[in-house]
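Subject: Structure for your review

Dear colleague,

Please find below the sequence and structure that I am handing over to you. A summary of what was found follows.

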Amino acid sequence: MVISPHLYVGKSLEGKQDKILKKLLRNRKILQLFIITNASNDENLFDIHYYNELFQKYYRNHLELTVYGIAKTRSEAFALVEEMVQDCLTVQNDCNLRDFMGLPKGHKMGG
């Protein structure tokens, strides 16, 4: 799991992100955490996962994830995705999230 340098943090987790990121990188379980990651297919831009589901064998063996956002609730995660899109529109005057999130050209968001 890789943490994006452009990480978005939900309001309910502000000030706690360093502690949470340490647990994420050490593969420790965290209650009430949703993460926004690269999409598992080419049709979506992001996936939102309940973090503890990622301990299932399928996820550990099949997905290389980059974390773009962390939130306490699913609705807060959706609000962060909306914020990402709005920031992209404001900064670039378009909705090319791949460029905005710093991915190299030709790189697919999917795992």
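The arc is that of the directions from the helix axis to the C-beta atoms. Helices (H or I, at least four residues) and strands (E, at least two) are DSSP runs, numbered from the N terminus.

Please note that this is a predicted model, in which local features need pLDDT of at least 70 and side-chain atom pairs count only at pLDDT 80 or more, while totals for chains, interfaces and linings use all residues. Residues are numbered from 1 along each chain as its sequence is written, and side-chain values use heavy atoms, with hydrogens and water left out.

After α1 comes N27, with a positive phi near 55°.

Helix α3

Helix α3 comprises the 19 residues 74-92. The expected span is 1.5 Å times one less than the number of residues. The buried residues of α3 are E76, A77, L80, V81, M84 and C88. These cover an arc of only 150° around the axis, which puts them on the same side of α3. The face turned away from that buried side carries the exposed residues S75, E82 and T90.

Against which elements do the buried residues of α3 pack? They pack against the strands β1 (2-9), β2 (34-38), β3 (46-50) and β4 (66-71), and against helix α4 (97-100).

A79 also belongs to α3, and at 40% relative accessibility A79 counts as partly exposed. Between A79 and T37 there are 14 Å in space, C-alpha to C-alpha, and the two are 42 residues apart in sequence.

Just after α3, N93 takes a positive phi of about 60°. N93 lies in the loop between α3 and α4 and is exposed, with a relative accessible area of 70%.

Other loop residues

Q32, in the loop between α1 and β2, likewise has a positive phi, near 55°, and is a residue other than glycine. Q32 is partly exposed, its relative accessible area being 49%.

N52 is located in the loop between β3 and α2. With 17% relative accessibility, N52 counts as buried. Leaving aside neighbours within four places in sequence, N52 is in contact (heavy atoms within 4.5 Å) with K29, I30 and L31.

A39 sits in the loop between β2 and β3 and counts as buried, at 0% relative accessibility. The C-alpha atoms of A39 and E83 are separated by 17 Å, with the residues 44 apart along the chain.

The largest pocket holds about 270 Å³ of space. Its lining consists of M1, L24, L25, N27, Y51, L54, F55, Y59, R60, L63, E64 and L65. Helices α1 (17-25) and α2 (57-62) are the elements that give two or more residues to this lining. By class, the lining has nine nonpolar, one polar and two charged residues.

The second largest pocket has about 180 Å³ of space and is lined by L13, K16, K19, I20, K23, I30, L31, Q32, L33 and K72. Five of these lining residues are nonpolar, one is polar and four are charged.

A pocket, on a 1 Å grid over the protein atoms alone, is an open set of points where a 1.4 Å probe fits, with protein on both sides within 12 Å along at least five of seven lines; lining residues have an atom within 4 Å of a point. Grid points are joined across faces, edges and corners, and a volume is the space filled by probe spheres set on the points. Ala, Val, Leu, Ile, Met, Phe, Trp, Tyr, Cys and Pro count as nonpolar, Asp, Glu, Lys and Arg as charged, and the others, Gly among them, as polar.

Yours sincerely

Key: Buried < 20%, exposed > 50% of the residue type's maximum accessible area, 1.4 Å probe, protein only.
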